[in-house]
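Here are my notes for you, written as numbered points.

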Amino acid sequence: MTSKPRVFSGVQPSGKLHIGNYIGALSVWAKEQDTFDGLFCVVDLHALTVPEAINPSVLNQKIWETVAIYLASGLDPKKSSIFVQSTVHEHAELAWILTCVTPLGWLERMTQFKTKASARETVGSGLLCYPALMAADILLYDTKLVPVGEDQRQHIELTRDVAIRFNNMFGPVFSLPEAMIRKVGARIMGLDDPNAKMSKSIGEIKVGHSIGVIDPPNVIAKAIKSAVTDSGSTIDTDNAAGGVRTLLTIYQAVSNASDDEMHARFNGKGYGFLKSQVIEAVCEGLRPVREETQRLMADKTYLKSVIDQGSEIASGIAEEKMALVRNALGIDFIKKLSK
Ligand code: TYM
């Protein structure tokens, strides 16, 4: 038994993994992993909720690449379990059960569902039930903390509500998780639009929207040079808004500078100086991630051993929890019949 808090988080292997994902999630996982009993999952079943975007060979490649990026960002498989969601079948089983106990109105209220659904003609039921699958991911492992970006806060609140509802209906099976969200960098905005969150799907199709974690330095520099600022010319670090705030936030998160250091470095300086500093800090910060990802992707044997080991650990925990869930619901026939 470990006294470290159980931590679970994940990234969908879809679109172009960007610096918002890195700052809001991956860098926190790696930095704090010594204090966590951590499980980090590539949530491939979530990537199926937009079936029209699936290209099977691209998805397969992205799953491997996301595992490689987890490791290249500093996650150590000796300290944390890294696995792929679809290899632990209990995620799908519990997701169905939680879908059944979740009122429709709770799912329809989710901001992300409303945004995604309003942007498309047909909406699959999976997109609506997505938060029940996310709740399953978290609740299977008695998770205490869920390190994520700000956009996932509502899903984690829903997870708590679903756990409380299940426990009230069928007995105390699930622990209640809490979101763990960093102060600076929990919501990085698009470089081309300070009002829209940096997004993996937009980043994949629109040049200059995002900074990809494994983009080469020339692509990163071009995106930052073309980033939207405003009609001013000098920086006021305390009151900066819009695109200037986005660049300052990226710099501060990547360089770990304090507020005082940010003030001393940038106050009264021009936007051109800010951009050159952000380019330098981001290219330098992401260089090891890009190089290590390339190295790991060249031979997948090591990646496979990492996810086999992570999957075995996750399966052990998930099987125990599902036995309790089935028992609470009266559907533990397999065990009863074999007695
Ligand atoms: P996903 O794949 O969209 O994003 C992965 C992580 O990156 C964070 N993030 C951001 N942080 C800062 N600025 C941004 N612009 C930004 N965009 C994304 C997200 O908050 C997330 O932490 N539903 C989740 C995946 C998931 C999950 C889970 C997470 C499935 N099951 C269980 C935690 C626990 C998602 O789509 O993340």
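1. A term to start with: a polar contact is a pair of N or O atoms within 3.5 Å. Keep in mind that this is a predicted model. With that cut-off, the backbone of Gly 20 qualifies, as one of its polar atoms sits 3.1 Å from a nitrogen atom of the ligand.

2. Side chains join in too. Asn 21 places a polar side-chain atom 3.1 Å from an oxygen atom of the ligand. For Asp 151, the distance from a side-chain N or O atom to a ligand oxygen is 2.4 Å.

3. Now the whole shell. The ligand is surrounded by 28 residues, and Tyr 130, Asp 137, Asp 151, Ile 188 and Lys 200 are the closest. By class, the shell has 12 nonpolar, 11 polar and 5 charged residues. At least two shell residues come from each of β1 (6–11), α1 (19–32) and α6 (125–139).

4. Next, please look at α10 (residues 242–255) and α12 (residues 271–298). Their axes come within 9 Å and cross at roughly 35 degrees, and the crossing is left-handed.

5. Which residues make this contact? From α10 they include Leu 247, Leu 248 and Tyr 251, while α12 contributes, among others, Leu 274, Val 278 and Ala 281. Sorted by class, the contact between α10 and α12 has 11 nonpolar, 2 polar and 1 charged residues.

How values were computed
Residues are numbered from 1 along each chain as its sequence is written. This is a predicted model: local features need pLDDT of at least 70, side-chain atom pairs count only at pLDDT 80 or more; totals for chains, interfaces and linings use all residues. Side-chain values use heavy atoms; hydrogens and water are left out. A residue is near a molecule or strand if one of its heavy atoms lies within 4 Å of it. A polar contact is a pair of N or O atoms within 3.5 Å; within protein, one must be able to donate a hydrogen and the other to accept it, and residues adjacent in sequence count only if both atoms are side-chain atoms. Helices (H or I, at least four residues) and strands (E, at least two) are DSSP runs, numbered from the N terminus. Ala, Val, Leu, Ile, Met, Phe, Trp, Tyr, Cys and Pro count as nonpolar, Asp, Glu, Lys and Arg as charged, and the others, Gly among them, as polar. Axes are lines fitted to C-alpha atoms, for helices over the stretch in contact, and angles run from 0 to 180 degrees between N-to-C directions. A crossing is left-handed if the near helix is turned anticlockwise from the far one by less than a right angle, and right-handed if clockwise. Contact means heavy atoms within 4.5 Å.
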